[in-house]
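Subject: Structure handover, with notes

Dear colleague,

Please find the structure below, followed by my notes on what was found in it. I have arranged them by topic, so that you can follow along in the viewer.

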Amino acid sequence: MAGATYKTPKLDELEKGPWPSFVKEIKMAARRSPMANDLLGQLEKSYTEKIGYWKHGGIVGVMGYGGGVIGRYSQLPEEFPGVSHFHTIRVNQPAGWFYTSKALRGICDMWEKRGSGLTNMHGSTGDIVLLGTVTDQLEPIFAELTATGFDLGGSGSDVRTPSCCCGKARCEWACYDTMAVCYDFTMSFQDELHRPAFPYKYKFKFAGCPNDCVASVARSDMSFIGTWRDDIKVNAEEVKKYVDGGLDIINNVVLNCPGKCMKWDGKKLEIDNDSCRHCMHCINVMPKALAPGDDRGACILIGSKAPIVEGALLSSVLIPFIKMEPPYTEIKEIIERIWDLWCEEGKARERVGEFIQRVGMGNFLEAIEVEPLAEMVAHPRENPYVFYEDYFEEGDEDEDEEEEEG
Amino acid sequence: MVSASEVAEAMYKMVKESMGQKKLKPTDLTKAMLEIYEGRVDKATCKAAIKELVNGGKCVYTYFGGSYLEIPHREGAAND
């Protein structure tokens, strides 16, 4: 092909300015791909008429798998035959998104041969997203991907491709080996990843520290956020260097502490570690002076989601602290209990966070055999609906009455 | 205990009978089997039965807002 054959005045506007442009990339792909060329044509028409001309497929996939392929068809196949089929393929990314240039070249060569040549690195869940292919190419693509060590990711009502931050591979704050857990869970839950059997999707995200670079607290049904339970490590000399170098430690660190646990007397930084909320702010401001403690693990949270069927939710604490040590048996047992309950009682398209909201956190915890803890309550002093009835053993009431009478 | 193949047959029959009327999720089939074969089937057998149906090509996973198991058929949205 000589190049893009459609006039695209509306799309051209999106090429202006110093920023990367998806239009520029599609136009480059259109020089050799009729599929990318017709994508430009259909998109320009959509912008002009303010109508999205796509149909969602529901049946295309590869043999044996229930996820990884999202069917997409044009509503205007006669006008834009190149995008008559335009299926998306999700490829399970390596933990931490590490690739060799050879692996990436392999994927790109295959995709130029069998698809539009357009990719999205990476989708919101973390997968490599290959945009646009036809039904007949799905099995050959799958065969080529698996031959080079890649596999399809999740889609539909299954475990979505687990994702993690780069963790100990490139970050000094990682409180556990995010990449190892991510890989382990991906392997352990292959059936759940490829064979949808849940009421709706279930996402795992692993963040090495409370900075939460993978946004797990907002975007995964089960978040693993690295934390520590001993004291923040302080290098007093380095603290002094920051201050001598012009850091306004009172305004930029002490007054910004959400737990109000820090004091600076002009010479020494004092931290009341019992009141520390592990937000990482002070550590981020003075990375040479402060560091997470040595007793490290993760906090497991549950229930966040983006606003698709219902509104957005943030995660709630499920396990305040756990050592992240292979083979992660205790964690996997809790996960199995959650899935059993959710599959049994969850409604169609009900995320686990919505399920918990419906049945109540107390009932949920009781059903999955996890003890309620104070750390699970976001604002314990503000919530009049928190009851501690389990703290009263049989006979306690009689004792209370006796004390009152006495 | 009932074998996975026998459960797969029963599931297949259910899926076939409900085609065009109601889409069934894997959990719907599992719950139904646990009820039909009370005490003689567990969730692991149901999981194996679904795997057998899908790997054998008798059923396919479909997606319409959620994931379902259906008899292979022509994609409604497909362009020829």
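This is a predicted model: local features need pLDDT of at least 70, side-chain atom pairs count only at pLDDT 80 or more; totals for chains, interfaces and linings use all residues.

Backbone geometry

Lys260(A), although it is not a glycine, has a positive phi of about 50°, and its place is in the loop between α10 (249–252) and β11 (262–264) of chain A. As background to these entries, most peptide bonds are trans, and most residues other than glycine have a negative phi.

Helix packing in chain A

Helix α12 (residues 329–345) of chain A packs with helix α6 (residues 178–188) of chain A at an angle of about 50°, their axes being 13 Å apart, and the two helices are therefore oblique to each other. The crossing in which α6(A) passes α12(A) is right-handed. On the α6(A) side the contact involves Asp184(A), Phe185(A) and Ser188(A), which meet Ile331(A), Lys332(A) and Ile335(A) in α12(A); by class, this contact has three nonpolar, one polar and two charged residues.

Helix α2 (residues 22–30) of chain A and helix α3 (residues 34–49) of chain A have axes that come within 7 Å and cross at roughly 140°. An angle over 145 degrees would count as roughly antiparallel, and α2(A) and α3(A) are therefore oblique to each other. Here Phe22(A), Ile26(A), Lys27(A), Ala29(A) and Ala30(A) in α2(A) meet a set of residues in α3(A) that consists of Ala36(A), Asn37(A), Leu39(A), Leu40(A), Leu43(A) and Tyr47(A). Sorted by class, the contact of α2(A) with α3(A) has nine nonpolar, one polar and one charged residues.

Helix packing in chain B

In chain B, helix α1 (residues 4–18) and α3(B) pack at an angle of about 65°, with their axes 8 Å apart, which makes α1(B) roughly perpendicular to α3(B). The crossing of α1(B) and α3(B) is right-handed. From α1(B) the contact draws on Ala4(B), Ser5(B), Val7(B), Ala8(B), Met11(B) and Tyr12(B), and from α3(B) on Thr45(B), Cys46(B), Ala48(B), Ala49(B), Ile50(B), Glu52(B) and Leu53(B). The residues of this contact divide into ten nonpolar, two polar and one charged.

The interface between the chains

Across the interface, 29 residues of chain A are in contact with 24 residues of chain B, and the two chains bury about 2300 Å² between them, 51% of it on carbon and sulfur atoms. Of the area that chain A buries against chain B, Gly58(A), Ile59(A) and Arg195(A) supply 27%, more than any other three residues.

Side chains of opposite charge can pair when their charged atoms come close. Over all chains the structure holds 27 salt bridges, and the count between chain A and chain B is five. Among them is the pair of Lys47(B) and Glu192(A), whose closest N and O atoms are 3.0 Å apart; Lys47(B) lies in helix α3 (residues 43–55) of chain B and Glu192(A) in helix α7 (residues 190–194) of chain A, so the pair joins two chains. Lys43(B) also forms a salt bridge, with Asp340(A), and there the closest N and O atoms are 3.7 Å apart.

Definitions and conventions. Residues are numbered from 1 along each chain as its sequence is written. Chains are lettered from A and ligands numbered from 1 in the order in which they are written. Side-chain values use heavy atoms; hydrogens and water are left out. Axes are lines fitted to C-alpha atoms, for helices over the stretch in contact, and angles run from 0 to 180 degrees between N-to-C directions. Helices (H or I, at least four residues) and strands (E, at least two) are DSSP runs, numbered from the N terminus. Angles under 35 degrees count as roughly parallel, over 145 as roughly antiparallel, 65 to 115 as roughly perpendicular and the rest as oblique. A crossing is left-handed if the near helix is turned anticlockwise from the far one by less than a right angle, and right-handed if clockwise. Contact means heavy atoms within 4.5 Å. Ala, Val, Leu, Ile, Met, Phe, Trp, Tyr, Cys and Pro count as nonpolar, Asp, Glu, Lys and Arg as charged, and the others, Gly among them, as polar. Buried area is the accessible area (1.4 Å probe) that two parts lose on being put together, summed over both. A salt bridge is a side-chain nitrogen of Lys or Arg within 4 Å of a carboxyl oxygen of Asp or Glu.
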